[in-house]
Amino acid sequence: MELDLAGAELKAVLNRLRRAQGQISGVIRMIEEGRDCEEVVTQLAAASRALDRAGFAIIATGLQQCLVDMENGRGTGEDPEKMRARLEKLFLSLA
């Protein structure tokens, strides 16, 4: 299953990943500086949410593409039930 992110979808996913990257760098810096545990955990939780949201956006795009392909008769040749199971597994990996 190939992922075809374009335009606004690609920009949104990349922005979320860059935000997470910045937050993780901030967490590393905070730990190195010996900052308060609560502040570190708060930043780490924000980075985790940003990564989760990027993952969900990618999965949602994949689901949408699969549905459009199936409606237009351009399926991948893969059994629809196997495709559903693969997408469900991906989704649950982020849950």
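The legends below describe close-up views of a predicted model.

Residues are numbered from 1 along each chain as its sequence is written. Local features need pLDDT of at least 70, side-chain atom pairs count only at pLDDT 80 or more, and totals for chains, interfaces and linings use all residues, while side-chain values use heavy atoms, with hydrogens and water left out.

**View 1. Confidence in helix 1 and helix 3 of the protein.** The predictor's confidence in each residue is given as pLDDT, from 0 to 100. Its mean for the protein is 81, and 81% of the residues reach 70 or more. Confidence is highest in helix 1 (residues 7-32), at a mean of 90, and lowest in helix 3 (residues 80-94), at 77. Helices are DSSP runs (H or I, at least four residues), numbered from the N terminus.

**View 2. Isoleucine 24 in helix 1.** Isoleucine 24 has a relative accessibility of 34% and so counts as partly exposed (buried is under 20% relative accessible area, exposed over 50%, partly exposed in between; 1.4 Å probe, protein chains only). Apart from neighbours within four places in sequence, isoleucine 24 is in contact (heavy atoms within 4.5 Å) with Ala47 and Leu51. Serine 48 is 24 residues from isoleucine 24 in sequence, and their C-alpha atoms are 8.9 Å apart.

**View 3. Salt bridges of arginine 35 with glutamate 33 and glutamate 39.** A salt bridge is a side-chain nitrogen of Lys or Arg within 4 Å of a carboxyl oxygen of Asp or Glu. The whole structure holds two salt bridges. In the one between glutamate 33 and arginine 35, the closest N and O atoms are 3.4 Å apart. In the one between arginine 35 and glutamate 39, the N to O distance is 2.8 Å. Shared partners join Glu33, Arg35 and Glu39 into one network.

Methods: Helix = DSSP H or I, 4+ residues; strand = E, 2+ residues; numbered from the N terminus.
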